[in-house]
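Biologist: I'd like to learn how to read a model like this one, feature by feature. Could you walk me through it?

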Amino acid sequence: MKDFIRLLRRFVPPYKKYMVLNIIFNILSAILNIFSFALIIPILNILFRTDDKVYTYQPWDLDFSSWESWKGAFDLIKNNFFSYVSGIIETEGGSYTLIVLGVFLVIMTLLKVLAMYMAFFTMIPIRTGVVRDIRNQINKKITELPLGFFSEERKGDIIARVSGDVNEIETSIMSSLDMLFKNPILIVIYLAAMLIISWQLTLFVFILLPVAGYVMGKVGKTLKRKSLLGQSQWGALMSQIEETLSGLRIIKAFNAEKKIQQRFEESNETFRRTTNRIYRRQQLAHPMSEFLGTATIVVILWYGGTLILGENSPIDASTFIYYLVIFYSIINPAKDLSKAAYAIQKGLASMERVDKILKAESNIQSPVDPKPVMLNHAIEYKDVWFRYHQEWVLKGINLCIDKGKTIALVGQSGSGKSTLVDLLPRFYDIEKGSITIDDTDIRDASLYDLRGLMGNVNQEAILFNDTFFNNIAFGVESATHEEVEEAARIANAHDFIMASEEGYDTNIGDRGGKLSGGQRQRISIARAILKNPPILILDEATSALDTESERLVQEALENLMRNRTTIVIAHRLSTIRNADEICVMHEGEIVERGKHDELLLKDGYYKRLCDMQKF
């Protein structure tokens with residue numbers, strides 16, 4: 001329950017107004033219910049003529065300073081109400097009195113159900129608002145966390161947390177909020193009424209409730225552990241589906257369909273067995289609460305009957321029936337409360353998984369007082385060391401990139417080229433050394449300003465399921481249609497865009513799936529052209545293209561690189577012949593640097609890379 005209270009403190013405060021209204025309407029509903037039940041006593045007395053006592057009106061004179069005064073208040077209300085009913089019976093007769101009491105019961109019931117509806121009405125904004133806020137916070141956190149966080153997590157498991165776990169929170173915790181706000185109020189008010197009617201009978205209820213609560217709590221703790229395991233297995237299933245969708249071409253090419261199917265079916269069966277155990281424990285709530293409720297009623301019937309049959313009974317038969325009706329009304333709230341307790345345990349397990357994202361700390365932050373950053377002279381790497389885990393990926397890198405120059409990074413896969421480039425926009429932070437832009441350490445600049453200086457074109461063009469226009473204008477909110485079209489022309493993309501059904505308003509599909517590789521890359525280049533950044537990063541931008549597409553993309557890249565500071569990562573050495581400086585990387589170090597012809601004359605790493613490509 002502590003975890004649940006902490007959850008409410010985190011997410012419910014913006015909806016305090018609705019919560020207060022919900023509590024007020026629930027209290028009003030419970031009180032109206034008590035008074036409507038009270039009509040049972042005079043109705044029974046009239047029907048069965050069990051009460052010969054004469055009631056006379058007594059004046060109101062109560063201070064409510066003690067338990068006796070509260071008991072006296074109940075007796076006074078009962079006496080004056082019965083006096084009123086007796087007066088109607090004497091003047092109008094029993095049949096007319098029953099009609100009056102029946103109308104009064106209908107009115108009280110109408111008011112009660114209206115109060116109940118208003119309690120539901122005020123709960124809905126809390127339920128939907130909290131779930132919306134959780135989704136917003138997850139999405140915000142995903143965009144804020146560094147790339148390193150996601151390299152440690154499986155994409156499918158993160159998707160499972162955003163979808164399945166948040167849905168579980170909605171169906172388990174949020175749907176239980178009404179029961180948790182309403183049922184304790186009902187139980188407390190009903191128990192108070194029962195205490196006023198007969199504290200002796202109510203004592204038995206207080207003895208049994210802690211026992212029932214203890215049993216429910218033990219089962220609930222077990223359920224949370226099982227639920228956490230179940231959500232983890234669901235995340236693993238989602239990861240497998242994501243991997244299957246991403247690698248479908250390879251799966252079919254290697255005839256691995258049966259292997260993938262078998263792996264998924266085994267995981268799915270494990271998840272099914274865990275889910276079976278969770279549902280079986282959940283279903284314990286209803287029969288267990290019904291059994292305990294019945295046992296309590298039997299005890300009350302026995303003890304209440306003993307009191308009534310005694311000579312000096314503190315309670316008459318009609319009041320005892322009224323007492324039983326109130327107690328029976330506690331059973332449903334108690335059942336709902338136990339169901340809510342089970343559902344919340346399951347939802348808290350999902351919340352625990354969601355919190356792995358929400359409470360993850362980003363080690364890459366903007367400084368409190370950022371310094372302005374602009375490129376007027378040079379970018380400089382000074383004795384830069386970096387590692388992802390234990391092994392150093394970059395070792396003592398020193399590199400100066402003058403404004404307007406093109407620097408090419410070449411080397412075998414795993415030599416550290418992409419890592420070196422990823423450090424510049426602070427996708428990762430260096431371990432030792434510094435990276436400066438015009439003598440300003442990039443860690444002293446705001447992330448927004450720093451990344452605003454750079455444009456990226458990657459080997460895989462990252463596009464969105466949106467129109468040509470919105471993909472090119474991505475990140476540039478004020479872009480006009482003319483500016484987008486001009487960027488597309490420079491990137492050799494305008495002609496195929498206009499040949500599509502709706503021109504710049506044509507949707508390009510998921511990840512640009514309706515386009516060829518070359519077309520996707522040219523859209524990516526147009527996006528960089530529109531941003532007009534002073535620093536350009538090209539990461540294998542032409543390596544996955546055919547000859548014709550490469551020619552068009554290379555031409556677009558040359559248009560983009562003109563008068564910009566450019567860092568190029570390339571496997572195809574033919575694309576970097578004209579670079580101002582080529583840096584050859586090997587095992588995290590720059591082992592050679594110079595122009596193309598100079599490096600060939602050295603007959604070292606670069607010469608071997610060129611010879612391998614010729615071969």
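Modeller: Happy to, and keep in mind that this is a predicted model. Let's begin with a charged pair: the side chains of Asp355 and Arg10 form a salt bridge, at 2.9 Å from N to O. The pair ties together distant parts of the chain, with Asp355 in helix α12 (residues 317–358) and Arg10 in helix α1 (residues 2–11), 345 residues apart.

Biologist: What is the relative accessible area of Asp355, and what is that of Arg10?

Modeller: Asp355 has 13%, so it is buried. Arg10 comes out at 34%, which means it is partly exposed.

Biologist: What's the general idea behind such pairs?

Modeller: Side chains of opposite charge can pair when their charged atoms come close.

Biologist: How many salt bridges does a search of the whole structure find?

Modeller: The search turns up 11. Take another of them, between Glu269 and Arg272, where the closest N and O atoms are 3.1 Å apart.

Biologist: Why does the spacing along a helix matter for a pair like that?

Modeller: An α-helix has 3.6 residues a turn, so residues three or four places apart point the same way. Here, Glu269 and Arg272 are separated by about one helical turn because they sit 3 residues apart in helix α10 (residues 257–282). As for accessibility, Glu269 is partly exposed at 31%, and Arg272 is partly exposed at 45%.

Biologist: And which parts of the chain does the pair Lys371 and Asp444 link?

Modeller: First the contact itself: the side chains of Lys371 and Asp444 meet in a salt bridge at 3.9 Å, N to O. This pair links distant parts of the chain, 73 residues apart: Lys371 is in the loop between α12 and β1, and Asp444 is in the loop between β5 and α14 (447–452). Lys371 is partly exposed, with 47% relative accessible area, and Asp444 is partly exposed too, with 30%.

Biologist: On to strands. In what order do the 4 strands of the open sheet come?

Modeller: The order is β2-β1-β4-β5, with antiparallel pairing. At the edges are β2 (392–402) and β5 (440–441), each pairing on one side only. Strand β1 (residues 378–387) is joined to β2 by 7 bridges, and the two run antiparallel.

Biologist: How do I look for empty space inside?

Modeller: Rolling a probe the size of a water molecule over the atoms shows where empty space is left. In this model the count is 1 cavity of 30 Å³ or more, and the largest cavity has a volume of about 40 Å³.

Biologist: Which residues line the largest cavity?

Modeller: Leu423, Tyr428, Asp429, Ile430, Ile435, Asp441, Ile442 and Arg443 do. That lining divides into 5 nonpolar and 3 charged residues, with no polar ones.

Biologist: Last one: is helix α18 mostly covered or mostly uncovered?

Modeller: Mostly covered, with 11 of its 15 residues buried. Among them are Gly518, Arg522, Ile525, Ala528 and Leu530. Helix α18 (residues 517–531) reaches 22 Å from its first C-alpha to its last, close to the 21 Å expected at 1.5 Å a residue. Just after α18, check Asn532, which takes a positive phi of about 55 degrees.

Key. Residues are numbered from 1 along each chain as its sequence is written. This is a predicted model: local features need pLDDT of at least 70, side-chain atom pairs count only at pLDDT 80 or more; totals for chains, interfaces and linings use all residues. Side-chain values use heavy atoms; hydrogens and water are left out. The expected span of a helix is 1.5 Å times one less than its number of residues. Buried means under 20% relative accessible area, exposed over 50%, partly exposed in between (1.4 Å probe, protein chains only). On a 1 Å grid over the protein atoms alone, a cavity is a set of points where a 1.4 Å probe fits but cannot get out, and a pocket is an open set with protein on both sides within 12 Å along at least five of seven lines; lining residues have an atom within 4 Å of a point. Grid points are joined across faces, edges and corners, and a volume is the space filled by probe spheres set on the points. Ala, Val, Leu, Ile, Met, Phe, Trp, Tyr, Cys and Pro count as nonpolar, Asp, Glu, Lys and Arg as charged, and the others, Gly among them, as polar. Two strands pair if DSSP finds at least two bridges between them. A salt bridge is a side-chain nitrogen of Lys or Arg within 4 Å of a carboxyl oxygen of Asp or Glu.
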